[in-house]
Amino acid sequence: MLQKTASSSYAQMLLAWYDRHHRELPWRTSPAMAAKGKRADPYHVWLSEVMLQQTTVQAVKPYFLKFLAAWPSVTDLAAAPVEDVMAAWAGLGYYARARNLKKCAEAVANEHGGVFPDTEEGLKQLPGIGDYTSAAVAAIAFNRQAAVMDGNVERVISRLFAIDAPLPGCKPAMKAKVAELTPADRPGDFAQAMMDLGATICTPKRPACALCPFNGHCLALAHDEPERFPVKAAKRAKPVRLGAAFVAVNASGEILLRRRIDSGLLGGMTEVPTTAWTARLDGGTDQSHAPFVADWQATGVIVHVFTHFELRLNVYRAQVPGGLQTGPDDGWWEPVTNLDAQALPTVMKKVIAQAIPSAFNESRKFR
DNA sequence: TAAACGTGGTG
DNA sequence: TCACCAAGTTT
């Protein structure tokens, strides 16, 4: 009998824990099917992993099911109008992911015969797939011995070895540790187990160390300070930006919408006309930036917090004549009853709900 | 390398 | 309330 190395014993401990605490998720193969050698569908794994970037499992579940119902295969997604994909993604955030999702599906359909590359390197060439996602898909869908490291894994590793160096600088060293621990057998389960452990046991605050399979080996716990890890670099303060948004309603019960440019913040998503979002309002005459002259009524202020700034928008509403025309580049009139089908990011739903409280079934959510 | 990039849940 | 932060990638 070969002597087990220390590294493989960590993997064995974790996999034993995983087999007892496996979570049912829509994109996972059930343990019974996995026992028969059935691997998860690469399309499902990829779609879920992209959605899960910086996003919680709870938020992703309904979106994943919706996408799978609308586009059962990667070739279906490749053939879909990009507007439909953006509308389906609306509310999930980080919209560059949706734009890249579409590009990636097209690349797989048109350049790879509808089949995902089965290596980390091949996957990483595709749009929207970086270090983490390429490793995750390679390990989970293709059984490759890839080192998968996300925020959960960083936390587990940093505590297990009490790594004092701050993130993100120590990432390469931590990734080397993960590579050392990743087993040749069941690398995909190992990766998912590490992430599950970080999500459910080795949590950022008040980790449940009593339930952790590593609690006899964790250096952070041995020093009685698991919450001190991972050490992170200080972040910058969040500035405030101001602006005004204009909800125009015509006699047909339609509102004026327009499409944002494809790049940058909320790229390719739908919005109502707004001023620029700047540190100061221009002389307080923000109504002069309205899309046209009308009897604009102030309805209130909405606040929305983005990753790197807080936005406060004065929301104006105006009732306009039915025959009002706008320039061809100024957007289109959309029935208020059809807003759910639009690619409206949450901040814009807040704006519209402020001006028209009955606009959405769940308008309360946007206050 | 550091900044840009959304949203919702949590303690 | 509010800072933190989540299965990161791109530029």
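**Cavity, cores and buried residues**

Tutor: Let's start inside: the lining of the largest cavity is made up of 13 nonpolar residues, one polar and one charged. Keep in mind that this is a predicted model.

Student: Which residues lie nearest the centre of the largest cavity?
Tutor: Arg159, Cys202, Cys209, Cys212 and Cys218 do, out of 15 lining residues. Helix H10 (residues 151-160) gives the most to that lining, with three residues.

Student: What makes this space a cavity, and what is its volume?
Tutor: A space is called a cavity because a 1.4 Å probe fits there but cannot get out. The volume of the largest cavity is about 110 Å³. The whole structure was searched, and one cavity of 30 Å³ or more turned up.

Student: How is a pocket told apart from a cavity?
Tutor: A pocket is an open set of points. The second largest pocket holds about 910 Å³ of space. Of the 37 residues lining that pocket, Gly91, Leu92, Gly93, Tyr95 and Thr346 are the closest to its centre.

Student: Which elements supply at least two residues each to the lining of the second largest pocket?
Tutor: Helix H4 (57-70), helix H7 (96-111), strand S4 (297-305) and helix H14 (346-355) each do. By type, the lining of the second largest pocket divides into 18 nonpolar, 12 polar and seven charged residues.

Student: Why does Ala78 count as buried?
Tutor: Buried means under 20% relative accessible area. Ala78 has a relative accessibility of 14%, so Ala78 counts as buried. You'll find Ala78 in helix H5 (residues 74-79).

Student: What does Ala78 touch, beyond residues up to four places away in sequence?
Tutor: Ala78 touches Lys102, Ala105, Glu106 and Ala109. As for a residue elsewhere in the chain, Ser358 is 280 residues from Ala78 in sequence and 35 Å from it in space, C-alpha to C-alpha.

Student: And Thr182, is that residue buried or exposed?
Tutor: Set its relative accessible area of 5% against the 20% cut-off, and Thr182 is therefore buried. Thr182 sits in a loop, between helix H11 (171-181) and helix H12 (187-200). With its neighbours within four places in sequence left aside, the contacts of Thr182 are Gln145, Ala146, Ala147, Pro187 and Phe190.

Student: Which residues have the most contacts inside the largest nonpolar core?
Tutor: Trp46 and Ile255 do, in a core of 111 residues. Helix H9 (residues 131-142) contributes the largest share, nine residues. Leaving out neighbours within four places in sequence, Trp46 is in contact with Val74, Leu77, Leu101, Cys104, Ala105, Phe116, Ile129 and Val137.

Student: What does the UniProt record say about residues 51-200?
Tutor: The UniProt annotation, from an unreviewed entry, reads "domain: HhH-GPD" for that stretch. In the model, residues 51-200 are 65% helix and 0% strand, with the end C-alpha atoms 19 Å apart.

Student: How many helices and strands are there in chain A?
Tutor: Chain A has 14 helices and six strands. Its C-alpha trace spans about 85 × 50 × 30 Å along the principal axes. Of its 367 residues, 47% count as buried.

Note on methods:
Residues numbered from 1 in each chain as written. Chains lettered and ligands numbered in written order. Predicted model: local features only at pLDDT ≥ 70, side-chain atom pairs only at ≥ 80, totals over all residues. Heavy atoms only, no water. Core = buried A, V, L, I, M, F, W, Y, C linked by side-chain atoms within 4.5 Å. Buried < 20%, exposed > 50% of the residue type's maximum accessible area, 1.4 Å probe, protein only. Helix = DSSP H or I, 4+ residues; strand = E, 2+ residues; numbered from the N terminus. Contact = heavy atoms within 4.5 Å. 1 Å grid on protein atoms, 1.4 Å probe; cavity = no way out; pocket = protein on both sides within 12 Å on 5 of 7 lines; lining within 4 Å. Points joined across faces, edges and corners; volume = space filled by probe spheres on them. Nonpolar A, V, L, I, M, F, W, Y, C, P; charged D, E, K, R; others polar. UniProt positions renumbered as here; feature names shortened; annotations may be inferred.
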